[in-house]
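Please look over the sequence and the structure shown below before reading on. The briefing that follows takes up single residues, strands and the molecule as a whole, grouped by topic.

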Amino acid sequence: MPQHVTTAHTPDTSNTIAHREWWRDAVIYQVYPRSFADGNGDGMGDLPGVTARLPYLKRLGVDAVWLSPFYTSPQADAGYDVADYRTVDPMFGAMPDADALVREAHALGLRVIVDVVPNHCSEQHEWFKQALRDGRDSPLRERFHFRPGKGEDGQLPPNDWESVFGGPAWTRVADGDWYLHLFAPEQPDFNWEHRAVHDEFHSILRFWLDLGIDGFRIDVAHGLVKAAGLPDIGHEEQVKLLGSQAVPYFDQDGVHEIYRSWRRILEEYAGERIAVAEAWTPTVERSALYLRPDELHQAFNFEYLTTGWDAAELRAVIDRSLDAMNSVAAPATWVLSNHDVVRHSTRFSEGDEARGLRRAKAATLLMLALPGSAYIYQGEELGLPEVTELPDEVRQDPAFFRSAGQDGTRDGCRVPLPWSGEQAPFGFGPADGGPSWLPQPASWKRFSVRAQEGDPASTLEFYRSALAVRREHPALGAGRDVEWLDAPDGVLSFRRTTARGTVVCTVNLTAEPVTIAAPGTVLLSSAESVGAAGQVSIPADATVWWAA
Ligand code: NOJ
């Protein structure tokens, strides 16, 4: 049954969220709907759950919310396998719930970004089902990459490409043809050489823009166009090349024309609607191409996300990112965690949870001081660690069941959030002892929102302070450049100046306290720093913001 929106509306940008080019320095919070809040107690997060918690996000101090897919989907890849791009999956609610979410967010002054998944759909998508049903001559097959196999009986895949989740990127159907899927077999790739695919996605963009959403996060934005002739790569070469993303199915020049047409659509709508690319490219310079003035607004900075806790490496990636983005007048973006990677508190921990959290908080202050837009993944404001002990039988990530690919094993960062209470699911759902689609560790009681709220030493109050201070001091986030200051080895220090003030950010990435001359008065610190007579000792793994 199609779901209808009865109350199409445009966002109220008149007062609360009016701010030119809001996205250039916005803090955007990623909601992973199945794990955020469960409104109806079935163990699965849902849209009413998100709507009910919007005041929490407002209080946290973010500018916008990005929702991972909530569309109708068999959930072979947690919703990144879309069967119907214009309906809400019943497990997440219905279209009026999406409408209510957008309306309430706007009333609170929050923007809403939704995911669009254009590289592939679900095997349950109408086009694909019909392509199979109608047999080898079906014109619907041209909207995907169907090919005869190689070998005497066509028993070998058409080329040697491998799925990002592991195994061959081709699956054979009953009549003998093969189809391409860069991800799971349940996710057939669209053929972007076909006009109907372009038209369909233009229409999907308009559908959600008409509902009032403020932008799109584009899944696998670098994958839509494949090299002509789908050339073989060679297995060894592929493993090597995938690391640098320089494969014939990623980052082909043809993708840019697609995004030019998408930008034209975004521009037709009032209220600065934006698009952010999930584009894994060989270099940050290649990422910048997606952000030329007539293309997209932002791209995730995965080079930053994958950089370790190392002063020289961080400084280099910050410089490279700013240079590349400034060359196309686009804002840099900064991100530490998302639903595809191990949470950064665990990545930085080297096996010591307290160290991980210390570094995570220091990394957050660094990220929020840099010029550009920052992405926060749900739960990092609670200091959640990765859940590493999930029993195999509860895991759902398709990457876990195929050999490890680019995305690795991703259930550990997708465990439902703890909100309150003494017992699992800790307020994720309405009832104590109720279900949650992945189990939470008992230790998560102390990470709940209720347990942290009002405690000045908590990670949650630290995030709230950081976002409030960033709002008061535009030199945190606004602008385009950093001015590096002299600092001891293993310490990063930079100044940021805007018409409305100057701040300095100092990060001690070493394992020892360092003493420096205070460059101003402390605005916020990720750990207690001790000062006397103009000298300040910054603890190991800590960041300080100063008003200079
Ligand atoms: C990137 C998404 O973030 C990830 O979760 C998904 O599995 C792949 N794209 C395929 O859609």
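**Briefing on the predicted model**

Glu272 is partly exposed, with a relative accessible area of 27%, where partly exposed covers the range between buried, under 20% relative accessible area, and exposed, over 50%, with a 1.4 Å probe and protein chains only. The structure is a predicted model, in which local features need pLDDT of at least 70 and side-chain atom pairs count only at pLDDT 80 or more, whereas totals for chains, interfaces and linings use all residues. Residues are numbered from 1 along each chain as its sequence is written, and side-chain values use heavy atoms, with hydrogens and water left out.

**Residues with positive phi**

- Glu272 lies in the loop between α8 (255-268) and β10 (274-277), and its phi is positive, at about 50°, although it is not a glycine.
- Leu230, found in the loop between β9 and α7 (235-244), likewise is not a glycine and has a positive phi, near 45°.
- Leu230 is buried, with a relative accessible area of 9%.

**The whole protein**

- The protein has 16 helices and 21 strands, which are DSSP runs numbered from the N terminus, helices being H or I with at least four residues and strands being E with at least two.
- For 548 residues a compact globule would have a radius of gyration near 24 Å, and the 23 Å of the protein agrees with this; the radius is taken over C-alpha atoms, and the globule rule is 2.2 Å times the number of residues to the power 0.38.
- Along the principal axes, the C-alpha atoms fill a box of roughly 80 × 50 × 50 Å.
- Of the 548 residues, 59% count as buried.
- The accessible surface comes to about 20,500 Å², of which 52% belongs to carbon and sulfur atoms; such areas come from the Shrake-Rupley method with a 1.4 Å probe, and for residues only the protein chains shown count as cover.
- Among contacts between residues at least 6 apart in sequence, 68% join residues at least 24 apart, a contact being heavy atoms within 4.5 Å.

- Strand β5 (residues 111-116) is mostly covered, since six of its six residues are buried.
- In a regular strand the side chains alternate between the two faces of the sheet.
- Arg111 in β5 is the bridge partner of Ala64.
- Strand β9 (residues 215-218) also runs parallel to β5, joined by four bridges, and Ile218 in β9 is the bridge partner of Val116.

**The antiparallel sheet**

- Five strands form an open sheet in the order β14-β15-β16-β21-β18, with antiparallel pairing.
- Its edge strands, each pairing on one side only, are β14 (483-484) and β18 (521-525).
- Strands β15 (residues 491-498) and β16 (residues 501-508) run antiparallel and are joined by eight bridges, and the two form a hairpin with two residues between them.
- Within that pairing, Thr502 in β16 is the bridge partner of Thr497, while Val507 in β16 is the bridge partner of Leu492.
- Strand β16 is largely enclosed by the rest of the structure, because six of its eight residues are buried.
- Strand β21 (residues 542-547) pairs with β16 in the antiparallel sense over six bridges, with Trp546 in β21 as the bridge partner of Val504.

**Loop residues and a cis peptide bond**

- Ser448, in the loop between α14 (398-401) and α15 (449-452), is buried, with a relative accessible area of 1%.
- Not counting residues up to four places away in sequence, Ser448 touches Pro418, Trp419 and Ser420.
- Pro425 is also found in the loop between α14 and α15, and a cis peptide bond, with omega about 5°, joins Ala424 and Pro425.
- Asn191, in the loop between β8 (178-180) and α6 (195-211), counts as buried at 13% relative accessibility.
- Leaving aside neighbours within four places in sequence, Asn191 is in contact with Glu142, Arg143, Phe144, His145 and Val197.

Note on methods: Pairing = 2+ DSSP bridges.
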